[in-house]
Amino acid sequence: MAGREINLFKGYASPRLLPRLEILEASSRILRPEKRTYDEDPENKHPLLYGTDIGALWVREEIAQWSNSIFFADEKHSRARARADSINLTGGASYGICNILLQCTLPHNSFTRQAFIVTPTYYLINSSFVDAGFKGKLTGVEEDDNGNYDLEALESKIRELESSFENSNIDDSSIQGGANRPFKKVYKYVFYCVPEYSNPTGKSLSTESRVKLVELARKYDMLVICDDVYDLLNYQKGVKTYKKRMVYLDRETQKDPESYGNVISNASFSKIIGPGLRIGWQESINDKLAIILSQGGANKSGGTPGQFNTYIAGELIKSGKINTIIDGLNKVYSERAEVVKKCCKKYLPEGTTFSGASGGYFIWVTTPDHIDCRKVVEKAKESGLILAGGDDFEVSGDVKGWGRNSVRVAVSYMEKEDIIRGFQIWGETIQSLQ
């Protein structure tokens, strides 16, 4: 191996970007007073005690107000605005996925018939679905060049499944009931996606397609899980515009007062504060699904995960520091993304294309057909370059062959000079294999 390793695979922030001092100050503000006004409040509790099942009310209120300032800046009276009672605090997006699947799906007896995952997908998501009982029940849904999903193919597959289950009498009684447990809303289908600046392609789903997906979900009793973890990493200059999260479109267009909704926004502070805190939040259209998500056995036993760390996030939001942190990340990531775009043109073969580079962590690079990316990825390791080959981003059991021509590049970890050197090695590796 020549020189220092350059890793364009790592999908987390450079250590120098982590807001160490801001977290230290927020922690001090929380713990320095001997007593706080909310210590004896049953809806909040002392920061170092077990939390409430759904999470501290004051933190959820801060998240709701902050979300509204971003997504509803010009819609002060919209019925779709975020509300504290619709928010459940979590141990981060990965924990959140597992909790959602555990509380809202039942694949073991095929009550939940199939899981659909946008492909290429986040490379570690398959394990969560397999652990939840979806092995052999995963179908990839492709996205087009504009980031929109093949909803026609999705509906066709659902209709096929509906036909095969037409006379089934499968129920969800095996997980209902029990002391002090609410009725659990279990869905027949589940759909997983990263709608904005997706992992791995960096593409974004249009508002029109989001609305269509919500309508399809209502039609077939399908739960849409949105990993809303990158949308605040928006590289636009000046006044930014943000697409409404799908949960807001669900709330905005839902006319049935008894509905649980069909979308959960699975959000995280890992990408905007630091993954070591292990905290996030889930938002649904009303309190009904939020309560279900908070009533799993682990939450009932220990309260909301990361009680103290959610208070840190609440303090950063309350002080306004979180916006400054995000602005700093966007500046660095946008500069790195520009470097990647220039390097694609300078060092990779003619005909190479890429998607993304306008927000989030990732850029999806596709080289011409005559280049075997699998061989390039393996050969580049000899020169100290680690690339994320497309094979890592397949949906388990529904392989599309992404490894043949595509590679995911992360802008979150490596510095600009390392990115440039990495692309030089990449280009030289391709030439050596010709």
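Begin by selecting F191, F269 and W426, the residues with the most contacts inside the largest nonpolar core, which has 124 residues. A nonpolar core is here a set of buried Ala, Val, Leu, Ile, Met, Phe, Trp, Tyr and Cys residues joined through side-chain atoms within 4.5 Å; buried means under 20% relative accessible area, exposed over 50%, and partly exposed in between (1.4 Å probe, protein chains only). Helix α11 (residues 321-347) gives the largest share of this core, 11 residues. Helices (H or I, at least four residues) and strands (E, at least two) are DSSP runs, numbered from the N terminus. At least three core residues come from each of domain 1 (6-15 + 332-433) and domain 2 (20-322).

The model is a predicted one, in which local features need pLDDT of at least 70, side-chain atom pairs count only at pLDDT 80 or more, and totals for chains, interfaces and linings use all residues. Residues are numbered from 1 along each chain as its sequence is written, and side-chain values use heavy atoms, with hydrogens and water left out.

Next, centre on W426. Leaving aside residues up to four places away in sequence, W426 touches L348, V365, V376, L385, L387, V407 and V409, where contact means heavy atoms within 4.5 Å.

Now colour the chain by its two parts, domain 1 (6-15 + 332-433) and domain 2 (20-322), whose bounds come from an automatic or database domain assignment. Their centres, taken over C-alpha atoms, are separated by 29 Å. Each side of the contact takes 24 residues, from domain 1 and from domain 2. The two domains bury about 2100 Å² between them, 62% of it on carbon and sulfur atoms; buried area is the accessible area (1.4 Å probe) that two parts lose on being put together, summed over both. Across this interface there are 10 residue pairs in polar contact (both at pLDDT 80 or more). A polar contact is a pair of N or O atoms within 3.5 Å; within protein, one must be able to donate a hydrogen and the other to accept it, and residues adjacent in sequence count only if both atoms are side-chain atoms. On the domain 1 side, the elements giving two or more residues are α11, β9 (353-356) and β10 (362-366).

Move to S270, in the loop between β7 (263-268) and β8 (280-283). S270 is buried, at 8% relative accessible area, and its side chain makes a polar contact with the side chain of R278 (3.2 Å).

Select helix α8 (residues 287-294), where L289, A290, I292, L293 and S294 are buried. These buried residues pack against β2 (87-90), α3 (93-104), β7, β8 and α9 (297-302). At the start of α8, a side-chain oxygen of N286 comes to within 3.0 Å of the backbone nitrogen of K288.

The tour ends with backbone geometry. Most residues other than glycine have a negative phi, and most peptide bonds are trans. The bond from T119 to P120 is cis, with omega near 0 degrees, and P120 lies in the loop between β3 (114-119) and α4 (125-131). N199 and P200 are also joined by a cis peptide bond, with omega about 25 degrees. In the loop between β5 and α6, select Y197, a residue with a positive phi of about 50 degrees although not a glycine. Y197 is buried, with a relative accessible area of 5%.
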